[in-house]
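This note sets out points for the reader to check against the model.

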Amino acid sequence: MNWSGRKVFVTGGAGFLGSNLCHALVARGARVTALDGFLFGGGANPRNLDGAELEFVRGDIREIDLRPLCEGAEVIFNLAAQTSHMGGQADPLADIAVNAVAQVRLIQAAREAAPDAIVVHASTRQFYGRVEKLPVDESQPVAPPDANGVSKFAGEQYWMLEHRVRNRPVVSLRLTNCYGPRLRIRDARQTFLGIWIRCVLESRPFEVWGGAQLRDLTYVDDVTDAFLAAAENPACHGGIYNIGGAPPASLQELADIVVRLSGGTGQYTTREFPADRARIDIGSYHANDTAFRKASGWAPATSLEDGIGRTLEWYRTRLADYL
Ligand SMILES: NC(=O)c1ccc[n+]([C@@H]2O[C@H](COP(=O)([O-])OP(=O)(O)OC[C@H]3O[C@@H](n4cnc5c(N)ncnc54)[C@H](O)[C@@H]3O)[C@@H](O)[C@H]2O)c1
């Protein structure tokens, strides 16, 4: 698809994944409107959109009139979400208000203002819960381990309903843990890797909880490419797809890579998984993303070493902006 001149609407555009996607779209010549409410505890950072020529609107998808933002959009990339698992447990009403109720608001606005727009929705592997069998394909039963998993599943299903009932081209991408530049690194709210990176750059030891759990981290450029490919390939429209990343590695192996690439400032301690989090922890996960690869031609291209190395480099000169 030639993105030049196309009108695109991105929700959650100042967050980690949304801002990286915005930069990629602007670089391809798209006319981008980005919406973000800078929700407390999320990944929004004003610096994330530095240098991107786009229309930025600060507003909350629960309240703002979404019709003018959707108006004329050919593609909507829908990434706004309450993403904190502990946050969702603490305040499930706020969680479902963003991840499900506001999705219905956006669906209604898009019906009026962008009836033909392709929608790529950011979904999550979280609601598969603790799985018995790896790797996980899309036929895995859904068993959300927390309130955030329930609300994200509901939001996805409202969008897929819009595909079935109105024939809107919708693609839902169930992402695994993503990392890279513009990640929230102030704390561990976005991923454990965020706080690890902060600690390394501050020459402090980081903590590995457990260590044997497997993860298939996706580097953010590969995530961006997956979003673009999902929009571009009609064969994907109407589908729900798992998105994986690098070959699975244990947290301990990941920690060792971080230390190796840290330039001498990385060290870690290992401790047991905290009891309050263990109840909502999903254990090991890695995706079978063959279906998306076949439908779109996409494949993750970034090794863990390259991705972690690039991420550390990126933050070295920008640490203060992300604390
Ligand atoms: N990063 C990951 O590892 C990962 C994994 C699985 C799924 N996802 C999904 O990808 C999407 C993007 O995640 P991210 O990692 O970039 O998180 P993020 O927190 O960096 O981005 C989400 C953005 O949405 C904004 N937002 C939240 N509620 C809003 C509201 N009511 N109104 C307007 N803006 C609002 C936040 O301010 C934030 O900037 C989310 O839907 C998330 O569930 C991410």
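1. The axes of H8 (residues 251-261) and H11 (residues 304-316) cross at roughly 50 degrees and come within 10 Å. Axes are lines fitted to C-alpha atoms, for helices over the stretch in contact, and angles run from 0 to 180 degrees between N-to-C directions. The crossing is right-handed, that is, the near helix is turned clockwise from the far one by less than a right angle.

2. The model is predicted: local features need pLDDT of at least 70 and side-chain atom pairs count only at pLDDT 80 or more, while totals for chains, interfaces and linings use all residues. Residues are numbered from 1 along each chain as its sequence is written. Helices (H or I, at least four residues) and strands (E, at least two) are DSSP runs, numbered from the N terminus.

3. Which residues make the contact of H8 with H11? H8 supplies Ile-257, Val-258 and Leu-261, and H11 supplies Leu-304, Glu-305, Ile-308, Gly-309 and Leu-312 (contact: C-beta atoms, placed from the backbone, within 7 Å). By class, six of these residues are nonpolar, one is polar and one is charged (nonpolar: Ala, Val, Leu, Ile, Met, Phe, Trp, Tyr, Cys and Pro; charged: Asp, Glu, Lys and Arg; polar: the others, Gly among them).

4. H6 (residues 192-201) is mostly covered, with eight of its 10 residues buried (20 or more other C-beta atoms within 10 Å of the residue's own, all placed from the backbone). Among the buried residues are Trp-196, Arg-198 and Cys-199. The cover includes strands E7 (178-179) and E8 (206-209), together with H8 and H11. Just after H6, Ser-203 has a positive phi of about 55 degrees.

5. H6 packs on H11 at about 55 degrees, with the axes 11 Å apart. H6 is therefore oblique to H11. Their contact joins Ile-197, Val-200 and Leu-201 of H6 to Thr-311, Leu-312, Tyr-315 and Arg-316 of H11. Five of these residues are nonpolar, one is polar and one is charged.

6. The ligand is surrounded by 32 residues, the closest being Gly-12, Gly-15, Gly-37, Gly-43 and Ala-44 (C-beta atom, placed from the backbone, within 6 Å of the molecule). The shell divides into 16 nonpolar, 12 polar and four charged residues. H1 gives the most to this shell, with three residues.

Notes
Two residues are in contact if their C-beta atoms, placed from the backbone, lie within 7 Å. A residue is buried if 20 or more other C-beta atoms lie within 10 Å of its own, exposed if 12 or fewer, and partly exposed in between; C-beta atoms are placed from the backbone. Angles under 35 degrees count as roughly parallel, over 145 as roughly antiparallel, 65 to 115 as roughly perpendicular and the rest as oblique.
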